[in-house]
Amino acid sequence: DPVKAPEFSKCGVAKDLNKGGAALDVNCCPPMSDKIIDYKLPHVSKLRVRPAAHKAKKEYIAKYKKAIQLMKALPPDDPRSFTQQANIHCAYCNGAHDQAGHPGLDIQVHNSWLFFPFHRWYLYFFERIMGKLIGDPTFALPYWNWDNPKGMTVPAMFTDSTSPLYDTKRNSANMPPAVIDLGLTGATDDLQKVVNNLTIMYSEMVRSVNTVEDFMGKPYLDGGANDPGPGASERGSHVAAHVFVGDPKQPSFEDMGNFYSAGLDPLFYCHHANVDRMWTLWRELKTPIPKDITDADFLNAEFLFYDENAQLVRVRVGESVDNTKMGYGYEKMDLPWLNYKP
Ligand code: C2O
């Protein structure tokens with residue numbers, strides 16, 4: 001059977017998975033609501049186009065900053081506030097939520113085939129909340145284009161310490177001009193890192209992917225154990241960016257380097273936009289592998305989120321497979337890794 005949406009009323013203590021599951025001193029349970037609506041994707045009249053962050057224009061950045069600033073200004077118990085949005089990641093990833101009907105069995109959306117759809121829905125509502133706050137229904141999140149040499153540093157808009165996009169808990173050694181190391185190879189030469197990164201991208205998108213599960217991750221089922229296994233992209237570039245940005249001087253690699261705190265860094269959503277973009281790109285590759293999981297236990301898995309009107313909604317994985325039906329797409333960029341066979 002598919003994993004069911006968690007029961008918010010049973011939400012409990014979050015655990016620090018960087019520290020063997022020790023109880024965390026944060027309450028990341030969502031606000032309660034007595035009404036849950038089965039979410040229906042609204043009709044799409046104009047696609048939101050997510051821009052590459054390093055190319056974003058001044059006016060766009062101003063809007064984006066405004067949206068995050070307004071989110072941060074909402075009362076902390078408003079489910080659309082920045083704090084509550086960050087808590088979503090903690091609740092679904094640090095064991096605060098149990099699997100419905102399985103008390104004591106933590107939900108963990110990572111390291112499984114729920115990774116891509118969970119984060120897609122998460123960003124979907126985050127983006128709609130931003131659009132609503134600034135009164136722009138076509139507003140789209142930027143993506144950190146770390147798969148392209150031009151985007152392999154932390155995007156400049158995140159590094160201004162006076163901006164709502166800034167976060168103090170980052171590894172200062174890895175701020176621009178430091179080039180990301182997608183393979184966690186420890187390489188120190190920038191040119192070498194770029195070459196490694198393209199090789200890694202080719203590997204996790206093409207060379208090492210022979211089945212749909214190699215990309216999406218392994219089945220995670222109702223009552224099933226956590227961490228059945230991540231897909232190549234989740235395990236690779238996705239984790240690497242978290243490690244690159246998280247601050248090793250913090251007690252538990254906050255913010256980006258720990259599930260519970262990752263969403264507190266605005267860069268998280270920009271990073272995950274590119275992770276999500278990898279899913280859309282992979283589905284378009286002309287490789288002879290079926291691109292979609294057809295198993296009903298995947299398609300019928302459910303999550304709960306608050307929408308842009310602070311209404312609690314139940315969403316299904318199956319509705320998230322096609323991003324255009326969800327009303328957004330990505331600005332096209334070159335894919336220099338696509339035929340990168342050193
Ligand atoms: Cu839910 Cu990048 O982690």
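Analyst: Let us begin with D227, which is located in the loop between α5 (212-216) and α6. Helices (H or I, at least four residues) and strands (E, at least two) are DSSP runs, numbered from the N terminus. Please note that this is a predicted model: local features need pLDDT of at least 70, side-chain atom pairs count only at pLDDT 80 or more, and totals for chains, interfaces and linings use all residues. Residues are numbered from 1 along each chain as its sequence is written.

User: What is the phi of D227?

Analyst: Most residues other than glycine have a negative phi, and most peptide bonds are trans. D227, however, has a positive phi near 55° and is not a glycine. N111, in the loop between β6 (102-106) and α3, likewise has a positive phi, of about 55°, without being a glycine.

User: Why does D227 count as partly exposed?

Analyst: A residue is buried if 20 or more other C-beta atoms, placed from the backbone, lie within 10 Å of its own, exposed if 12 or fewer, and partly exposed in between. D227 is partly exposed because it has 13 C-beta neighbours inside 10 Å. N111 falls into the partly exposed class because its count inside 10 Å is 19.

User: Which peptide bonds are cis?

Analyst: The bond from P176 to P177 is cis, with omega near 10°; P177 belongs to the loop between α3 (115-133) and α4 (190-207). The bond from E254 to D255 is also cis, with omega near -10°, and D255 sits in the loop between α6 (232-245) and α7 (259-262).

User: In what order do the strands of the open sheet lie?

Analyst: Strands of a sheet pair through backbone hydrogen bonds, either parallel or antiparallel. Here, two strands pair if DSSP finds at least two bridges between them. The open sheet has three strands in the order β3-β8-β7, with mixed pairing. Its edge strands, β3 and β7, each pair on one side only.

User: How many bridges join β7 and β8, and in which sense do they pair?

Analyst: Strand β7 (residues 302-306) pairs with β8 in the antiparallel sense over five bridges. Within this pairing, F305 stands opposite V313 of β8, and F303 has V315 as its bridge partner. By contrast, β3 (residues 36-38) and β8 (residues 312-316) are parallel, over three bridges, and D38 is partnered with R314. In the hairpin of β7 and β8, five residues lie between the strands, and A310 takes a positive phi near 65°.
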